[in-house]
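Subject: Structure for you to look at

Hello,

Here is the structure I promised to pass on. Please open it first, then read my notes below with it on the screen.

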Amino acid sequence: MRKGLAVVLAFMLVLGNIAFANVSSVMGAEIETEAASAVLMDAASGRVLYEKDMHKELPPASVTKLMTLLVAAEAVESGKVKLTDKVTASENACKLGGSQIYLEPGETFTLEQMLIAIAVGSANDGCVAVAEHIDGTHEAFVEEMNRKAQALGLKNTHFANAYGLPAEGHYTSAYDLAVIARETLKYPLIRKLTSIKEYDLRDGKFKLWNTNKLLWWYPGTDGFKTGWTNEAKYCLASTVERDGLRLICVVMGVPQVRGHFAESMKIYNYGFAKYQFKTFAPTGQKEGVVKVAKGKEDTVNAVTEKAFGATIEKGNDKNFWVETKLNPEISAPIKKGQKLGEILLYRNDVLQSSVNLIADHSVEKASLAEQVTRTLKGVIGY
């Protein structure tokens, strides 16, 4: 009887160990990935939540185009170019191989259409056409890509072209790509482009299908870019947002067909199982009042510019505290959205995040007569 009980207990212990191992795997004590390099990043803070050889220098294939889109979006934002600009394909753009939209010399599309061709169809020829339109030559545009990489502090990145075909001196890392991806989130245009699932070009005669299948397979996905060459294998930089938590995942050097999608989903599953975004104040919440000097109004409300919170491990939300910094007084005129201060979130004594506090409406400057009248009211009391 005792021997039988011992066997049962031993069997239960084995089952328990298996169950514990499975839970540990799911909760990310260890994630086994086929990717040569990978990283999971919290988009809000830039904190790395998981990594495997994330600084390893590898060829990125067409994920290169994420930087191409970033430089192009900055050019649009600055007014250097417009989405309605006509972009004409050169001989240089039309001679490229690989993924393309088969541009003919002299063929013209709007800049927005060219960017869609890059984001959705991974058009190599479109990259050169856009590069030449923005900076005159493809080479000058690539120099701008590298300057941007330096400005972002990327240590393991250098670009030799704007499209990602193998070339000497063309490399990056999973971590650097995640930093680039996080920077692109400042430009809604890029997510708008990279989240397009299908697009009709040339009046419907040429159909583009987005190469990022996570848009169909993994809810909350709205970017970014796939890549593949024999040298780079399968690569993907992507982003997913669920319940206020936005994560960025990069996998590089995955050997299996469609493996970059499977590996990314595995890593995302870990991230969303373990972490959550805790909101301390929603967008537009009033956090204080600032006195207005020489304005048509005496005060203006300071509200949060965006949702204020932090990414935390589930069940571990203690010891947070908030500090509010506001200008005590500001002179009119004040524009709606003007920064008035900031609100900071700490855990113990470590800063977790900060959000600008902005004016909830505009306040015009009062005329001299209005200022005198207000002063008299204050003195006389009527």
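The axes of helix 2 and helix 5 come within 11 Å and cross at roughly 30 degrees. Angles under 35 degrees count as roughly parallel. That makes helix 2 roughly parallel to helix 5. Their crossing is left-handed. On the helix 2 side, the contact is made by Lys-65, Thr-68, Ala-72 and Ala-75. Helix 5 answers with Asn-124, Cys-127, Val-130 and Ile-134. By class, the residues of this contact are 5 nonpolar, 2 polar and 1 charged. Keep in mind that this is a predicted model.

**More helix pairs**

A word on how to read these pairs. Two packed helices are described by the angle between their axes and the distance between the axes.

Next, look at helix 2 again, this time with helix 4. Helix 2 covers residues 65–78, and helix 4 covers residues 111–121. They pack at an angle of about 160 degrees, and their axes are 10 Å apart. How do the two helices run, parallel or antiparallel? Angles over 145 degrees count as roughly antiparallel. Helix 2 and helix 4 are therefore roughly antiparallel to each other. Helix 2 passes helix 4 in a left-handed crossing.

Which residues of helix 2 meet helix 4? They are Lys-65, Leu-69, Ala-72 and Val-76. Across from them, in helix 4, sit Leu-111, Leu-115, Ile-118 and Ala-119. The residues of this contact divide into 7 nonpolar, no polar and 1 charged. Find Lys-65 and Ala-72 on your screen. Both are in the contact of helix 2 with helix 4, and both are in the contact of helix 2 with helix 5.

Now take helix 5 (residues 124–135) and helix 6 (residues 138–151). Their axes come within 7 Å and cross at roughly 85 degrees. Angles from 65 to 115 degrees count as roughly perpendicular. That makes helix 5 roughly perpendicular to helix 6. Helix 5 brings Val-128, Ala-131, Glu-132, Ile-134 and Asp-135 to the contact. Helix 6 brings His-138, Ala-140, Phe-141 and Glu-144. By class, this contact has 5 nonpolar, 1 polar and 3 charged residues. Note Ile-134 here: this residue of helix 5 meets helix 6, and Ile-134 also takes part in the contact with helix 2.

How much space lies in the largest pocket? About 650 Å³. Its lining has 23 residues. Nearest its centre lie Ala-43, Ala-44, Phe-277, Lys-306 and Ala-307. Strand 17 gives the most, with 5 residues. The lining divides into 9 nonpolar, 8 polar and 6 charged residues.

The second largest pocket has a volume of about 270 Å³. It is lined by 18 residues. Here Ser-62, Ser-122, Thr-226, Gly-227 and Trp-228 lie nearest the centre. Which strand gives the largest share of this lining? Strand 7 (residues 221–229) does, with 5 residues. By class, this lining has 5 nonpolar, 11 polar and 2 charged residues.

**Backbone points to check**

First, some background. Most residues other than glycine have a negative phi, and most peptide bonds are trans.

- Gly-223 and Phe-224 are joined by a cis peptide bond, with omega about 5 degrees. Phe-224 is in strand 7, the strand that also lines the second largest pocket.
- Ala-332 and Pro-333 are joined by a cis peptide bond too, with omega about 5 degrees. Pro-333 is in the loop between strand 15 (329–331) and strand 16 (339–347).
- Tyr-102 is not a glycine, yet its phi is positive, near 55 degrees. Look for Tyr-102 in the loop between helix 3 (91–94) and strand 4 (108–110).
- Arg-202 also has a positive phi, near 55 degrees, and is not a glycine. Arg-202 lies in the loop between strand 5 (198–201) and strand 6 (206–209).

Best wishes

Definitions and conventions: Residues are numbered from 1 along each chain as its sequence is written. This is a predicted model: local features need pLDDT of at least 70, side-chain atom pairs count only at pLDDT 80 or more; totals for chains, interfaces and linings use all residues. Side-chain values use heavy atoms; hydrogens and water are left out. Axes are lines fitted to C-alpha atoms, for helices over the stretch in contact, and angles run from 0 to 180 degrees between N-to-C directions. Helices (H or I, at least four residues) and strands (E, at least two) are DSSP runs, numbered from the N terminus. A crossing is left-handed if the near helix is turned anticlockwise from the far one by less than a right angle, and right-handed if clockwise. Contact means heavy atoms within 4.5 Å. Ala, Val, Leu, Ile, Met, Phe, Trp, Tyr, Cys and Pro count as nonpolar, Asp, Glu, Lys and Arg as charged, and the others, Gly among them, as polar. On a 1 Å grid over the protein atoms alone, a cavity is a set of points where a 1.4 Å probe fits but cannot get out, and a pocket is an open set with protein on both sides within 12 Å along at least five of seven lines; lining residues have an atom within 4 Å of a point. Grid points are joined across faces, edges and corners, and a volume is the space filled by probe spheres set on the points.
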